[in-house]
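Work through the following exercises with the structure open beside you, and try each task before you read its solution.

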Amino acid sequence: MDFVQMRGITKIFGKVVANDRVDFSVKKGEIHSLLGENGAGKTTLMRMLYGMSVPDEGSIILNGSPVTLKSPSSAIEQGISMVHQHFMLADPMTVTENIVLGYEPRKGPFFDRKKAEQQVAELSARYGLQIDPKATVGDLSVGNKQRVEILKALYRKCDLLILDEPTAVLTPLEVKDLFAVLRSLKEDGKTIIIITHKLKEILEISDRVTILRAGKLITTKNTAETDAAELARLMVGRQVQFEVQGAKPVAADAPVLLEVKDAELRRRGMQLLSGLSLQVHAGEIFGICGVEGNGQTEIIEAITGIGQLSAGQVLLNGQPVHKPTPTKMADRGLAHIPEDRGLRGLVADFSIRDNSILGYQRSRRFSRRGVLDKKAIEMHTRQIVSDYRVKVGSIDDTAASLSGGNQQKVVIGRALSQDPDVIIAAQPTRGVDIGAIEYIHQKLIEMKNAGKAILLISAELDEVLGLSDQVGVLYRGRIVATGAPADFDEQTLGLLMTGYHKDTEKEERPCLETLHSAFAKS
Amino acid sequence: MLGNAAQRVCKVLKSKKLQTSLLALVGAIVVSGLILALSGYSPFVAYGAMFSGAFGGAANIADTLGTATPLIFTGLAVAIAMKGGAVNIGAEGQLYMGAFAAALAGAYGKDLPMVLHIALCLLAAFIAGGLWAVLAGGLKIKLGVSEVIITIMLNYIATYLTDYLTTYHFKAEGMVVKTKRVAESAMLPTLYPHSRLTVGFLIAILAAVILVWVLRRTVFGYELQAVGLNPFAAESGGVKKGRQFLLTMLISGGLAGLAGACEVLGVHGYFMKGFSPGYGFDGLAIAVLGQNNPLGVTLSAILYGALRSGATMMDRMTKIPQDFVGIMQALIIIFVATPGLVYFYRRKKKKTAAIHKGSETAPATTEEV
C-alpha cells in the first residue's frame, strides 16, 4: 500500500501555477526521487507535505487516512521530517543541543544534557552517522551539518524523510557517505524522498523516480527501467545532448596563453598554495579537479588579480604580469567567471544593465573620462541578453530577480563578450539546471574552438572530465598529476584528489578513514 | 521625449520607496494629530499655525528654505555614505570642523574678491569636514574598526576641539566664545532680506543635482554604489575597495563640512561654540526619509526646515510647546524605518514567493531555456 498519497494537488502563487493537479505517491520503505528543473514545483510539493504551506486543492493521505498538515509541527507529529537545502541549525550550539531542540529530555525542570548526549550517540552509532555530540555546529563541515539535520529528523522519530537537494553542497566523497546512510535508513524501514536534478544520483540511489515539469506531473518510473537520457528528456521536455560535440583538438604548435609558475601562498601561517604550476594553451581547456578547499579559490584569486601570491608568477601571453589587479588582468585579455556568482559575480541589487559592465566600467567602450556611455551600455546589455538567451523582463530589473541559470548567463555573457584570450571559468554551471548547463558547455567549447585558453575549475568531476583536453589534480595547493581525461579512471582520481596514491604515498594521509569507508562500499 | 519623461514620472510615483516615505509622512501627521487631540489641543489649529509659519508668506518661505540649507547638506552627507556602504554618524562633528575652517578662512583670508573668497572658504570647509571623515574611514580600512563607532566618537572630539581652539586661540573680543567676524567678502549674499535664505541654499541644491548626476552617469558613482551593495563583486570588477571607501567618506564629510560653512558664512558670520542644534543628527533622519536619494533628501530637508520654522509660529500662536515638532520628527522616522508597519502583509507574501523562487517553484512557465 502507498505510504503517502498526494492527490490532485494544486498550488497557485499569484499568477503562477506552481503545482497543477499533481498526483504523487510513495511506497513504504522506498527511496523515491523527485526530479525536475528549477521551477518545476518539486519543493512546493514537498513543502505542502511538510506542512509549510497548504494546498489550494487536493488531499494528502497518509497510511490510508486523510490528514491536514497545517504546520511543520503537525507534520513532525505524523512522522514526516524535512532537511532543507539551507540548513536550519543554530551555529553556536552543540550538535546535541541542535538535535534535541524542542524535544529535550528533562530531569525535573532542567535540561538533561547527559541523557540527550547519550541518545544522540546511540542514534548516530545505529545509522552510521559518525559525529561528536559535543562539537559546536558552527565548526562542522557542510557534510557534517547535514548529518546533524538527518539526526534531528531521526530523533523526532520520523518515518518519512524529505531531503531537498541534499548533494548540492557535498563533495563527491561526502555524497558517497550520505548514500550509505540513506541505504541503512532504508534497511531500517524508513521512507525517503529526495528532491534533485542530478540524474546520476537518482539512478544510483533511488527505487522510483517521479518527474515534474512546469508544475505538472509527467510520470513516475521504476529507476531500474530507465536511464539518464530518458530522464533528461522527460525532465526538460526535449532531447538533451550529454556529450559535448564538435570540440577541436588542440593544435600541436598552440602557444601557451596562460601560465602559472611556482605559485606559493601563505596566509596566517597556512600554506594555501605550494609550488603550483600550470600551462594552458590556445584552444585548450585545462580542467582542475580536486576536493574543495585545496587551493581552488586561491589560485583563481591569484590569476585574476584579486589576491596576491607570496611567491611565483602569473604569465599572460608569455608576459609575466607584475602585481596583477583585476583591471590590469582584464585589460590584458583575461575574463573571469567567478566561482560564486552571488558573492563575486553580480551586484544583486544592480540592474542587469549595470551588471553587464561590471569589471569593464572603465573600458573605453563604456565610459569616457569617467562618464558612463549610457547608449553603449544599453546596446551591450541587449546584445548579451539576445546572444546568451537570458530571459529577462526588462534590462532595468535587478539581477536578483533572475533565476540562477539566467544570472549565470549574464556573468558568462559579460566575460565572453569582451573577446578575451584567456578565460577563467570557475564552477560555470553551479546551481543551474540541465538546459542551461548544456548551453554553457556549448559556449565554452565554442570559445575553445575559437582559440581561447580556458582554465576550468569545477566540483563536478563529470564536467571537468567531459570538457577538458588536459586535467590537473589539485591537492593541498599543488597540481599532483596531469594528463588527458582518458588517462584517469574514477578510482585513481579519487585517490589523487585525497592525496592517497602510490606517487604521493609519502605525503600525510589525513583522509584515510574517509577513503576506506568510501571505497569499501563501492 | 515627452512620453519618455511622463513614463519616468509614472515610474517614480509607483516606486515603493516614494510610497513608503509618503505613507510614513501621512502616518506621522495622523498620529501626531491624535496625540494633540488627546492632549486637549486642536490638531487643525496647530497644523494650520505650522503651515502658515512655514509657508504663509515670502518671509516664512525664505526662513524655511534657509533652515533647510544645512539640513540638505548633512542629509546628502549621510545618504552618499550609505550609498557607498559606509555608515557616517559623524556629520555633526564634520559640520563643526567645516564651520571652523570656513570661519578662519573667512576671517583671515582678507582682500580677496568675493567669489574667490567664498570659494576658498567653502573649499576649506569641504576639506576639513572631509578629512575628519577620512580619519574614520582610514581607521576602518587599516585596523578594521567600525566606522560607526569612530564617527560617533569623533563628533565629541570635533565639538570640543573647535570649542577649545575658539576659546584659547581664536577668540574674538567680548563675552561670547566665538571667532572673529568673517570679512564682508566671505559672506554669502542673502536671497531674501533679513532672512536665513542665502546663496547657500542654491549651492545645496546644486550639490544635490551634481550627486544625482555622479551616481547615475559616472564611473565613480557606479563604483561607489557597487562597493556599497556588494564589495566582493566590486573588488572582482576591478574597484579598489579601500580607496573607494575613503573617497566616499571624503565626499560625505565634505558635504557635512559645507553645512557648517553655510551657517557660518550665511547666518552667523563667525564660528560660535555650540551653534548647531544637531543638524548633523537630523541629517541621519533626513537621509532615511529621503531613502538616500539626493532629490528625496532635498525634499525631506525642506520638510524638516518647514517643521522647524513652523514650530516657532505654532509656539507663538497656540499653547503647544515647540518640542511637539520633536514628536512629529520621531514619528516620521519610526514609520519610515519600519516599513513593516505599512507593508507587513505585502512583504510577507513576497518573501514566501521569494523563498519558493530561490529553491524551486517560481514562474514555471518562464523558466530557463
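**Exercise 1. Confidence in chain B**

Task: Find where pLDDT stays under 50 in chain B, and state how many contacts beyond four places in sequence the model has there.

Solution: Two residues are in contact if their C-beta atoms, placed from the backbone, lie within 7 Å. Confidence in chain B is lowest in helix α15 (residues 339-359) of chain B, with a mean of 48, and highest in helix α8 (residues 199-217) of chain B, with 96. Finally, the scores of the model are ipTM 0.80 and pTM 0.77.

This is a predicted model, in which local features need pLDDT of at least 70 and side-chain atom pairs count only at pLDDT 80 or more, while totals for chains, interfaces and linings use all residues. Residues are numbered from 1 along each chain as its sequence is written, and chains are lettered from A and ligands numbered from 1 in the order in which they are written.

**Exercise 2. The two sides of a helix**

Task: Determine which residues of α13(A) are buried, and which are exposed.

Solution: Begin with the element itself, bearing in mind that helices (H or I, at least four residues) and strands (E, at least two) are DSSP runs, numbered from the N terminus. Helix α13 of chain A covers residues 374-387, and its 14 residues reach 20 Å from the first C-alpha to the last, close to the 20 Å expected at 1.5 Å a residue; the expected span is 1.5 Å times one less than the number of residues. A residue is buried if 20 or more other C-beta atoms lie within 10 Å of its own, exposed if 12 or fewer, and partly exposed in between, with C-beta atoms placed from the backbone. By this rule I377(A), H380(A), T381(A), I384(A) and V385(A) are the buried residues of α13(A). They cover an arc of only 135° around the axis, which puts them on the same side of α13(A); the arc is that of the directions from the helix axis to the C-beta atoms. An α-helix has 3.6 residues a turn, so residues three or four places apart point the same way. On the other side of α13(A), the exposed residues are K375(A), M379(A) and S386(A). The buried residues of α13(A) pack against α12 (352-355), β20 (371-372) and α14 (404-416) of chain A. Just after α13(A), R389(A) has a positive phi of about 50°.

**Exercise 3. A covered strand and its partners**

Task: Decide whether the residues on the two faces of β15(A) are buried or exposed, and name a strand that pairs with β15(A).

Solution: In strand β15 (residues 285-289) of chain A, five of the five residues are buried. On one side these are I285(A), G287(A) and C289(A), and on the other F286(A) and I288(A), so that both faces are covered. In a regular strand the side chains alternate between the two faces of the sheet. Two strands pair if DSSP finds at least two bridges between them. Strand β22 (residues 453-457) of chain A pairs with β15(A) in the parallel sense over four bridges, and I288(A) stands opposite I457(A) in β22(A). Strand β23 (residues 470-475) of chain A also pairs with β15(A) in the parallel sense over four bridges, where V473(A) is the bridge partner of C289(A).

**Exercise 4. A hairpin**

Task: Describe how β11(A) is joined to β12(A).

Solution: Strand β11 (residues 208-213) of chain A is mostly covered, with five of its six residues buried. Six bridges join β11(A) to strand β12 (residues 216-222) of chain A, and the two run antiparallel. R213(A) has K216(A) in β12(A) as its bridge partner. Two residues lie between the strands of this hairpin, in which A214(A) takes a positive phi near 50°. Strand β3 (residues 31-35) of chain A runs parallel to β11(A), joined by four bridges, and L35(A) stands opposite I211(A).

Technical notes: pLDDT = per-residue confidence, 0-100.
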